[in-house]
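Please look through the briefing below alongside the model.

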Amino acid sequence: MSASGKISRRAFAGGALALLGGRAFAQGFAGLSETADGYAAVVPGKRFVFPADHGPHPEFRIEWWYVTANLKDAAGAAYGAQWTLFRQATQPGPALEGWANRNAWMGHAAVTRADTHRSTETFARGGVGQAGVETAPFQAWIDNWRMRGLDAFDADHVAPVELTASSTDFSYSLRLDADRPLVLQGDAGFSRKSDRGQASYYYSQPFFKAAGRIVIDDKPADVTGLAWMDREWSSQPLASDQSGWDWFSLHLDTGEKLMLYRLRQKDGANNLFGNFITPDGRSVEIAAADNSMTPTSFTDIAGRKVPTAWRVAIPARGLNIETVPLNPKSWMSTGFAYWEGPISFTGSHRGVGYLELTGY
Amino acid sequence: MSRAVWTLAVLLSHWRRHPMQLATLLIGLISATALWSGVQALNQQARNSYDRAAATFGGTRTAMLVGSAATFPQKLFVDLRRAGWPVSPVLEGRIQIGGRSLRLLGIEPVTMPTQVGNAPTLGTANLQAFVTPPGQMLVSAETLADLKLYEGATPLANDGTQLPPLRVQAQLVPGVMVVDIGIAQKLLNKPDQLSRLLIGKDRGPRASLQSIAGDALRYVEPDAATDLERLTDSFHLNLTAFGLLSFFVGLFIVNSSIGLAFEQRLPMLRTLRACGVSARMLNTVLVAELVSLALVAGLAGLVCGYFIAAALLPDVAASLRGLYGAQIPGQLSLKPAWWLAGVAISVSGALIAACASLVKAIRLPVLASAQPQAWHQAQRRWLKFQSAAALAVFIAAGCFLWLGDSLLAGFAMLAALLLGAALLLPAILERVLSLGERGATRPLPKWFFADSRQQLSGLSLALMALLLALAVNVGVGTMVESFSRTFVTWLDGRLAADVYVNAANDRQATEMKTWLRDRDEVQAVLPGGRADTQFAGAPLEVLGLPDHTTYSDHWPLLESIRNPWVRLRAGDAALISEQLSRRMNLSIGDRIEVSAPGGDWPVEIIGIYADYGNPKSQIAVNYAALTRRFPGTPQTRFGLRVAPEKIPPLLTAMKEQFSLDDRNLADQATMKAESKRIFNRTFAVTAALNTFTLGVAGIALLTSLLTLANSRLPQLAPLWSIGITRQRLALIELARTMSVALITALLALPLGLLVAWCLIAVVNVKAFGWRLPFHVFPLQLMQLLGVALFAALCAALLPVIRLARMHPAALIRIFANER
């Protein structure tokens with residue numbers, strides 16, 4: 001399997017059906033940069049409408065609902081939880097009823113503790129009800145994993161919601177509340193991924209407060225903390241020469257939020273993108289030239305060398321931090337394997353967040 | 001090392017001087033290995049295909065959920081998934097292509113549990129092509145060839161539906177077509193319906209089945225043995241029993257030729273020891289010699305076994321298809337394990353057969369002289385033990401009969417019976433010959449009997465082989481003939497209609513019936529129908545018979561109440577098949593509940609009929625009642641009563657009118673011929689193995705006689721010297737062989753009939769669920785007797801001719817030689 005065969009997060013794409021059932025996926029990451037013939041194009045200037053845009057956009061090739069949570073139990077021990085639902089069209093065209101639907105769904109879930117990381121995945125075909133997203137009332141599900149709008153659900157806040165997932169050796173159920181509306185990423189929700197037109201629609205809810213219960217090996221822990229939801233859809237988010245990415249979502253203790261990622265190119269050049277979100281929810285795109293992301297420590301995991309600790313600097317914002325993982329072995333051993341886990345950081349700012357490393 | 005090579009060379013020189021002995025040894029080993037491995041190859045081939053069938057997308061090897069009716073709504077699948085159940089849907093049905101009925105499986109590759117064998121190893125592009133309409137239809141290479149189609153073809157089903165392009169999937173069993181679940185729902189016209197849910201690996205907590213599906217679904221444990229395996233077990237046991245019999249008969253040959261070779265080589269061994277070859281070296285070389293001979297013979301036997309299996313495979317496949325509907329590929333594919341096992345059995349067989357001789361060689365004192373006579377004497381003492389053992393074995397046979405209730409017990413009883421008879425044979429022959437000796441007054445006859453008795457031990461193994469082969473031949477022959485006769489009569493009753501029609505669908509059937517009612521030559525249209533359901537956890541066929549004199553006059557019943565056909569009209573009574581009656585211990589007057597779509601259907605049993613060749617249990621009910629209780633029953637099959645001379649023109653007219661071919665339209669004569677052809681093939685294998693066994697027994701007799709001929713010269717030479725001519729001596733020798741063969745054959749007849757009775761009354765009943773009337777066929781017995789004597793004659797002729805032409809000098813030399 002080539003290095004480009006391991007990708008995930010915002011990266012689930014191209015030929016995802018091949019992933020389904022966990023079978024070998026030869027095309028791998030290349031799918032993300034497949035040409036988007038027959039699918040809708042991502043263009044600047046879209047007006048987002050909620051709750052409609054919480055639902056699927058079958059005219060686009062790929063799409064995801066992505067939640068990460070940084071949590072603590074009563075004794076102060078740190079936990080992380082991840083919940084992801086991916087949709088991918090297998091063929092251009094409208095979604096059909098029944099088995100002929102032309103959409104495949106994939107779910108990833110994980111929990112992390114300093115000494116433990118558990119991950120699992122599940123797959124479904126669209127059209128029959130095994131997986132899907134509905135807007136009224138809001139619910140996104142695959143099998144018995146759910147993100148479900150609760151009473152008094154506010155579409156602009158995407159809250160309150162209940163988030164559940166389970167596997168043989170872990171499960172969690174979290175309630176997510178938000179007192180501020182969701183935030184558009186990139187340029188008013190248009191997130192450019194290369195100079196050649198690759199882009200996605202992208203919004204987040206970084207202001208979730210989470211409370212609930214995580215069970216690992218039948219041992220429950222009541223937890224509270226912060227959570228972050230990303231929503232993104234596209235038809236061709238990556239350029240053909242991009243091999244993977246390193247992606248941060250950070251909760252600064254000032255109440256600010258930072259979304260920052262680096263797209264790695266096969267020629268070694270990197271593109272940095274990011275948005276700085278003020279505590280009142282204003283989202284400002286960060287100019288690439290201002291920032292730096294430098295790996296400071298690598299972890300050997302699953303036969304790969306993965307940069308799990310970083311120095312991040314945004315001089316214009318006076319930000320200069322060092323990140324460390326809660327558990328350097330936060331490896332997602334799913335059909336697409338990648339690293340994703342909770343981190344904490346110190347320096348000019350303190351706080352917690354999530355890091356995703358793909359394409360290693 | 002060079003000493004070992006020289007020793008081996010000296011030992012091998014024996015075979016150069018006795019090429020016939022070498023030949024018999026090799027023939028014995030080859031035939032033992034060949035028949036055994038041939039049978040094993042057939043069994044392996046069949047079992048592999050059962051495994052493939054069982055593993056095909058969740059056969060019985062996977063835990064699953066099934067509904068009470070044939071299908072259930074797809075919503076249950078979604079509800080269960082959303083409650084944490086790792087289930088994957090399957091829809092099963094049948095599809096007709098060009099008159100062939102194939103099993104269609106709709107699977108869902110995304111949720112398909114990975115532990116289910118044979119999940120399609122589809123690449124990315126293939127998986128997409130598989131699920132995206134028009135999809136793909138996966139078939140085995142055999143099915144493709146059977147349909148005379150090529151990969152990528154899109155055949156039409158009989159109802160005119162265009163099927164997805166065919167693609168070969170190597171692991172699939174023949175006769176199965178696999179498509180995506182969505183495509184299967186369309187092809188079978190069962191939108192949003194499923195047949196079963198396969199349960200995958202546990203995915204964490206899940207709600208109880210009851211809370212999600214209520215009573216709609218039932219959990220079925222994974223089953224290690226499939227229905228097919230259970231059904232066909234008897235068939236394979238049968239084959240194995242024959243293989244084992246042949247193997248032992250082959251070992252008889254090996255034993256007698258090795259025994260003699262060792263005895264003859266004793267002077268040589270002694271000389272070698274005297275020359276300084278250590279006992280250890282000698283034994284090592286002897287074993288090495290034997291093992292290399294066994295390896296050569298084993299390999300040759302395997303090649304022969306391969307050809308035997310390849311020759312029998314079409315018949316075996318036809319039998320299994322005819323009897324059980326099991327699909328076996330026609331191409332032999334053998335695993336390396338088979339070759340290894342074959343060679344191993346050849347070597348171990350040779351070692352077992354040579355065991356006694358080897359032990360003796362190990363203990364050989366340097367100065368011992370050759371004692372072929374003493375060897376025979378020792379054999380004689382052994383006879384007494386044999387008789388005692390025979391008694392014990394007979395008692396065991398009795399125990400198996402009284403206490404055993406399984407097929408295996410049936411076969412064990414058969415084996416014990418045969419073994420006991422074989423063990424007893426030398427004692428009986430000894431008794432008969434000593435009676436003759438007592439009766440004889442003149443010296444030559446007295447010598448004849450005395451000498452025959454003395455020879456007995458050398459011949460007894462070959463005679464035992466002959467006895468076994470003959471008895472099994474008589475037994476199997478009688479059973480097959482009984483079956484054949486019963487089957488023909490039964491078929492005449494069962495196929496009572498004159499013309500059989502199978503319409504493509506209900507619409508065409510209605511059109512046909514309308515058209516036929518206007519034809520004067522059609523005396524009656526007899527609708528028929530069949531529904532599949534479950535009874536006591538096993539599949540049950542429900543056959544609908546119209547209320548017509550054709551059935552009441554002809555349909556063969558084994559037993560029934562008075563006027564069963566009148567009683568059947570009411571719709572609350574049924575005739576049941578003999579298999580069902582035996583399996584569930586049901587008899588007339590009992591009531592059973594048949595599960596039907598509208599709820600359980602209670603019926604009273606009013607008769608029992610033979611249903612030969614059907615592995616499933618069956619009941620026959622009134623046709624109108626069947627269509628009421630099973631509204632979905634296809635009404636496409638029906639029979640016609642037509643005056644015989646008007647059948648051909650009617651067939652022609654129907655073929656033209658409805659564009660039918662021979663597959664949808666057949667007259668009674670054709671159907672009968674087809675049934676008999678299937679029947680005959682079913683026993684072709686048995687007959688072939690029978691012949692092989694008899695052949696091997698003949699060879700065993702020949703080799704024994706040949707080896708004896710040499711050692712008998714010291715007995716014959718004195719007779720010759722007192723004036724009995726060589727020709728007369730040869731005739732006496734011939735008479736002796738023929739008389740012991742005759743006695744053996746005569747003993748084999750009652751034993752064979754006993755074997756036939758066991759087969760019919762015990763083995764068949766357990767294996768197939770039916771019992772045939774027992775007939776004795778004297779003509780067949782006479783024939784076999786003739787064959788046996790002819791075989792004995794052939795075997796005896798060569799040594800006798802040799803004796804008749806023996807140079808007098810050879811006889812004189814006897815007095816000079818040590819022996």
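B:Pro799 is buried, because 23 other C-beta atoms lie within 10 Å; buried means 20 or more such atoms within 10 Å, exposed 12 or fewer, and partly exposed in between, with C-beta atoms placed from the backbone. The model is predicted: local features need pLDDT of at least 70 and side-chain atom pairs count only at pLDDT 80 or more, while totals for chains, interfaces and linings use all residues. Residues are numbered from 1 along each chain as its sequence is written, and chains are lettered from A and ligands numbered from 1 in the order in which they are written.

**Two residues in their surroundings**

- B:Pro799 is found in helix 23 (residues 778–804) of chain B; helices (H or I, at least four residues) and strands (E, at least two) are DSSP runs numbered from the N terminus.
- Leaving out residues up to four places away in sequence, B:Pro799 touches B:Leu705, B:Leu706 and B:Ala709, where contact means C-beta atoms, placed from the backbone, within 7 Å.
- The C-alpha atoms of B:Pro799 and B:Leu705 are separated by 7.0 Å, with the two residues 94 apart along the chain.
- A:Gly347 lies in strand 22 (residues 338–347) of chain A and is partly exposed, with 13 other C-beta atoms within 10 Å.
- Apart from neighbours within four places in sequence, A:Gly347 is in contact with A:Asn320, A:Ile321 and A:Glu322.
- From A:Gly347 to A:Ala313, 34 residues away in sequence, the C-alpha to C-alpha distance is 10.0 Å.

**The chains**

- Chain A has one helix and 23 strands, and 55% of its 360 residues are buried.
- Chain B has 24 helices and 21 strands, and 43% of its 819 residues are buried.
- Of the contacts in chain A between residues at least 6 apart in sequence, 57% join residues at least 24 apart.
- For chain B, 82% of the contacts between residues at least 6 apart in sequence join residues at least 24 apart.

**Nonpolar cores**

- The largest nonpolar core has 155 residues, of which B:Ala465, B:Leu466, B:Leu467, B:Leu468 and B:Ala471 touch the most other members; such a core is a set of buried Ala, Val, Leu, Ile, Met, Phe, Trp, Tyr and Cys residues joined through C-beta atoms within 7 Å.
- Helix 13 (residues 443–494) of chain B gives the most to this core, with 23 residues.
- B:Ala465 touches B:Val249, B:Phe252, B:Ala697 and B:Ala700, not counting residues up to four places away in sequence.
- A second, separate core of 91 residues includes A:Val67, A:Val223, A:Phe248 and B:Val110.

**Helix packing in chain B**

- Helix 13 of chain B and helix 22 (residues 726–768) of chain B pack at about 35 degrees with axes 5 Å apart; axes are lines fitted to C-alpha atoms, for helices over the stretch in contact, and angles run from 0 to 180 degrees between N-to-C directions.
- Helix 13 of chain B passes helix 22 of chain B in a right-handed crossing, that is, the near helix is turned clockwise from the far one by less than a right angle, anticlockwise being left-handed.
- The axes of helix 12 (residues 407–439) of chain B and helix 22 of chain B come within 10 Å and cross at roughly 170 degrees.
- Helix 12 of chain B and helix 22 of chain B are therefore roughly antiparallel, a term for angles over 145 degrees, with under 35 roughly parallel, 65 to 115 roughly perpendicular and the rest oblique.

Terms used
Two residues are in contact if their C-beta atoms, placed from the backbone, lie within 7 Å.
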